[in-house]
Amino acid sequence: MKIKKMKDKRTSTIVMHNVLIGILAVIWLIPIVWLVCTSFSEYTGINTSTFFPQKWSIANYIKLFHPDTVAQFPQWFMNTFIVACVNCVISTLFVLMVAYATSIMRFPMRKPLMNIAVILNLFPGMLSMIAVYFVLKTFNLTNSYAGLIMVYSASSGLGYLIAKGFFDTVPRALCEAARIDGCSEARIFLQMVIPMSRPIVVYTVINSFLAPWMDFVFAKMILNAGVSSKYTVAIGLYKMLDKSLINDYFTQFCAGGVLVSIPISILFMIMQKFYVEGITGGAVKG
Amino acid sequence: MANEKKSTAAEAVSGFFKAVGGFFSNFGTAVAKGNIFVKLSLLWWGAGYIRYKQYVKAVIMTVLEAAVILFSVFFASQYVPKFGSLGTVKAEMVFNIDTMKNEFNDYDNSFMILLFSLFSFVVWLVAIVIWIKNMDSVYKLQLMEENGEHINTFQEDMKLYIGEKFHITLLSLPVLGVVVFTIIPILLLVFVAFTNYDQQHMPPSELFTWVGFSNFITLFGGGGLTATFGYSFVRVLGWTLVWAFFSTITTYIGGILLSLLLNSAKTRFPKFWRLMFVITIAVPQFVSLLLVRNFFADNGIVNTICSNIHLTGFLQDIGLVSTNHIPFLSAPGWAHVMIIIINIWVGVPYQMLIATGVLMNIPEDQLESAKMDGAKPFQIFAKITMPYMLFITGPALVTDFVKNINNFNVIYLLTQDVYTTTNQALANSQAQEVDLLVTWLFRLTQDYYNYKMASVIGIVVFIICALFTLVAFNYMIGGDKEGTYQ
Amino acid sequence: MRKKLVSMLLCATMVATMATGCGDTSGDDKKPSSGASSETGGNNNDSSGGGGSSETVSLRLWGAEEDQDYLKQLVSKFESTYSDQKFNIEIGVESESTAKDTVLTDIEAAADVYSYASDQLADLVRAGALAALDDVSEVLTKAGKTLDDVKSANAPDSVEAATLNGKMYGFPTGGANTYFLYYDSSIVSDEDAKTWDSLLAAAAKGKKKVGMTLNSGWYNASFFYGAGFTTGLNEDGTTTMDWNGTSADGNSGVDVVKSMLDITSNSAFMPIADGQISNTIASGDLCAVISGAWDSGKAEEIWGDGYSATKLPTYTLGGKQIQMAPAYGYKFEAVNAYSKNTGWAVLLAEFISNEESQKLHFDLLKQPPTNSNVLASDAIQNDKAIAAAVSQGDFGVIQAVGQKYWDTSKAFGEMVAKGKINAKDDKAIQKALDNLVDGVTAPLS
């Protein structure tokens, strides 16, 4: 009798527990569901009276792939993809290089450099935006993807801390042994430490790949010719919410948001394990 | 522990100065004791290397020297002499019908003078460091020859860069990037804080000039409604700190609780649930936040629902709401709370991922023994889980706080074009109750071109962040990590 | 103050005519030569601009999002008009309402030709972002015109509005940039639409609302302008304002605010946040709204046969009815002072603003014109929204304010809209007005 009661109690707590999680998940998903629903709405403005659209349609998605002067989604997607890929390569290299140098190697300027990095990270990036713009302008790189990529990747070395934390967990003895065997530092870096650090590499790759999809402030500043076909996804979608456009493009904006989120979600799903390991490996020891 | 930390900090500082001192004393010895070729290297950087048959190096150094000289003569000389006045010649133009073009006089652009002077200073600083280093290494060559040691060939030198000196190979590009895209812009804006660069003095048509500390005085002087920067600054700073505190704490604790919930043995399909939360990270913030903003708009869907279920009426009755909608994001108080709540929605899944990883590493034996002692779940949480989390993620907590001080996206996307202040004093300096220092300075630069005040605010933000980080690291976190939990 | 403005404008036009008069004489000197070679004019131009025609002229043109297709048409027409010259014209998106923000960030990177709303004129000129047309008017001979032709072709007010310190800083392209009253005649009769009192009563009866944006200095000033108050712009960019005192018509600012509060406290009134008007029309809660020509499509769609438009209503002030006086603006096609191809940029801007283009713009996009001939056409006269807008030209005010005006008056409007001021507390109202004037007239920092 008693055992059964306990079991009942256990089952009921389990049910309660899972119901609680379910409720939380629903709260977290409401806006996402709204996003998806709205993207299938026939009405093009903001629906303010009902949660679900009154009439369903896939017109928004069709329109996204049939560019007009405002919405050139496929082109934006390509632009962003290219920027993201190049940025991803450069940023990942920079982050890993700095992390390796500061974590594994020992040299006189190591501590001062790390302190300077901490200080630099405290400056709000928004502030230096206008100055960065004029620096790019001197090199004639405004209004170009090269300029945009530079803005995203040039200072990426400053975000090395988590990767450094991860490299710190690589056993010192291994590196020492390799050095005694006559391996150059470059070989230790490329052939030993990097392959051992897959989670952090994945983490860095995802982060740097995502930046151009999320940023609209710098992109708007640098791609300032106003030519729609040169936008990245973020600026293009953001501009759809302009006062004069929002009533015709709000649902397309939602559809665009969904289309951007799908590949990112898939990326997360596949890489989730590495991502968690990377970030915690870094944070724990960082 | 704090003392220990401080002493290491002191060591680091003194070590730094020792290194600098050594740097110059080496240079002194080289100049004093070097032979004629070493001394010649003072003028011709490549001279010493030729003597010791390092021809490639000699060429490289000579080219470098030539580049610096050419740079100084043809580039820097146009700008650096005007650094003191930031330019005197205003732009004038005459239309030429034959070429169909406007022809300009040779006008000064204050901003370019500032930027290029700064650029020249940086180049010269680097050149001086190279020059001094160069003397040192040439002198070393001399000593090596005197002692009959082997002098490296160029190839051997190059090999060093993937061996002992690999850090130089690794760091040079990232450091260059940081110098050009972070340090120069920051220095530039530090300079701008001491000029009158605003809408009345905008290059290329107008000039700006140095004004000393008057912008700082404007910020802290305050007084009266017409000069409300001081007043607004205090308000905005206050909300910035409140926001940073609550947004950091709520997402941090929320993340831990959620991850405990998800990782509990009672959870069915933990991976599925985790994914549900992670999806919210995958939607770009400018999409999800703009959406949420429309969700809670004055005539938005939530308000429609609230008035349908008579919640709005109820709130009106008890006096919480005076309008016929709930001003979720359009009235002070309401907006402040909503922003923090929405930020929980944004931030918790991310913190949950971190917490999940950290909690996986929590020492099992401690939990087991606590359970054996009959500790309640809450006690375990308060006595073991939280201290462990705090210990491990403490530094991250500090950086999160600093990041939230500068959290532009959430505030800007939720309040821009939606929130209107009714506080006239704030409005007179283009601030709002819900502004953080960064969003305020963003508006000052984007809509009002008030670069001088934005720079001043930026410097103040930096000082606040730096002070906080310093204090936090020294007193709150203090201590050695490799201690207790390994 | 308003008189001062008028006299200022008068002076400005006088100077302008003098200047162009001088320009004309010098033009006359040259005219014979260009006239004599009119037959070979094309060749002559080619030889003088010989380098110009062989190399491609690159221009960038900015226009509003909704105008993109229209501008594409114009550009291809422009290119065929000047077929001797090779062009590479890029069209970008920048609405005239936000042009100033983007242009001033980096003038040199801004488009060669862009449109801007008349309230941005002073800021743009002070930043040196606009080429003065008087300085480059010679080039218009290529289009077979003089600057005076342009001036006389457009409504005099629009030319005045484009003129500052005696120089003209843009070709008028769009007129009647103002707001007026849209209403649903099935609920609000034409008679009801004449005063706020009857309007609100009719709305209450029909269980609908009357909407207006108050948290914008563009809209809320109409109450004050109507009562005879003014704003003005000094040469150094500061603003003058007399709203906290008594107007030329003998109305006190406090009474105006009281009248506004009377309206906002009426339950049939709905304050609409800036930029949310067309959204709110779409929600179907409104039976009347104050907005501009850009919302005519939305209003017509929602109200169908009931769709009507008329001038702004009057409001009650101390027993009298006062006609609201809207801010009345224009849209100009400007040439960037730092353009690399100023001459061709001027020609393109002129082309975009000529009679034919304005007519096309109206046909395609219902843009109210400034060209006198287009204005006189039947199509314009029969359009409800444009007729309402143009009818306000007599009492509309060309709003002259500096940058300090906007945020401060926005906050003030929000206070009124939210009922943050007690209508019975004269002192509080006076204090709010004093704060408003202090903020607006503050020296620029």
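**Close-up views of aromatic pairs and a helix contact**

**View 1. A buried phenylalanine of chain B.** In this predicted model, B:Phe295 has a relative accessible area of 9%, and because buried means under 20%, the residue counts as buried.

View 2. Over all chains, the structure holds 75 aromatic pairs. One of them brings together A:Phe51 and B:Phe295, whose ring centres lie 6.3 Å apart and whose planes stand at 70 degrees, so this pair is edge-to-face. A:Phe51 belongs to the loop between α1 (2-39) and α2 (59-64) of chain A, whereas B:Phe295 sits in helix α11 (residues 285-295) of chain B, and therefore the pair joins two chains. Both residues are also members of one aromatic cluster, formed by A:Trp34, A:Phe51, A:Phe52, B:Phe295, B:Phe296, B:Phe328 and B:Trp334.

**View 3. A tilted ring pair within chain B.** The rings of B:Phe104 and B:Tyr107 have centres 5.7 Å apart and planes at 50 degrees, so they make a tilted pair. B:Phe104 counts as partly exposed, because its relative accessibility is 31%.

**View 4. Two helices of chain B packed against each other.** Helix α17 (residues 408-415) of chain B packs with helix α19 (residues 437-446) of chain B at an angle of about 60 degrees, and their axes are 9 Å apart. That angle makes α17(B) oblique to α19(B), and the crossing of α17(B) and α19(B) is right-handed. On the side of α17(B), the contact is made by B:Phe408, B:Ile411 and B:Tyr412, while α19(B) contributes B:Val438, B:Thr439 and B:Phe442. Of the residues in this contact of α17(B) with α19(B), five are nonpolar, one is polar and none is charged.

Definitions and conventions
Residues numbered from 1 in each chain as written. Chains lettered and ligands numbered in written order. Predicted model: local features only at pLDDT ≥ 70, side-chain atom pairs only at ≥ 80, totals over all residues. Heavy atoms only, no water. Axes fitted to C-alpha atoms, helices over the stretch in contact; angles between N-to-C directions. Helix = DSSP H or I, 4+ residues; strand = E, 2+ residues; numbered from the N terminus. Parallel < 35°, antiparallel > 145°, perpendicular 65-115°, else oblique. Left-handed = near helix turned anticlockwise from the far one by under 90°. Contact = heavy atoms within 4.5 Å. Nonpolar A, V, L, I, M, F, W, Y, C, P; charged D, E, K, R; others polar. Phe/Tyr/Trp six-rings, centres within 6.5 Å; stacked < 30°, edge-to-face > 60°. Buried < 20%, exposed > 50% of the residue type's maximum accessible area, 1.4 Å probe, protein only.
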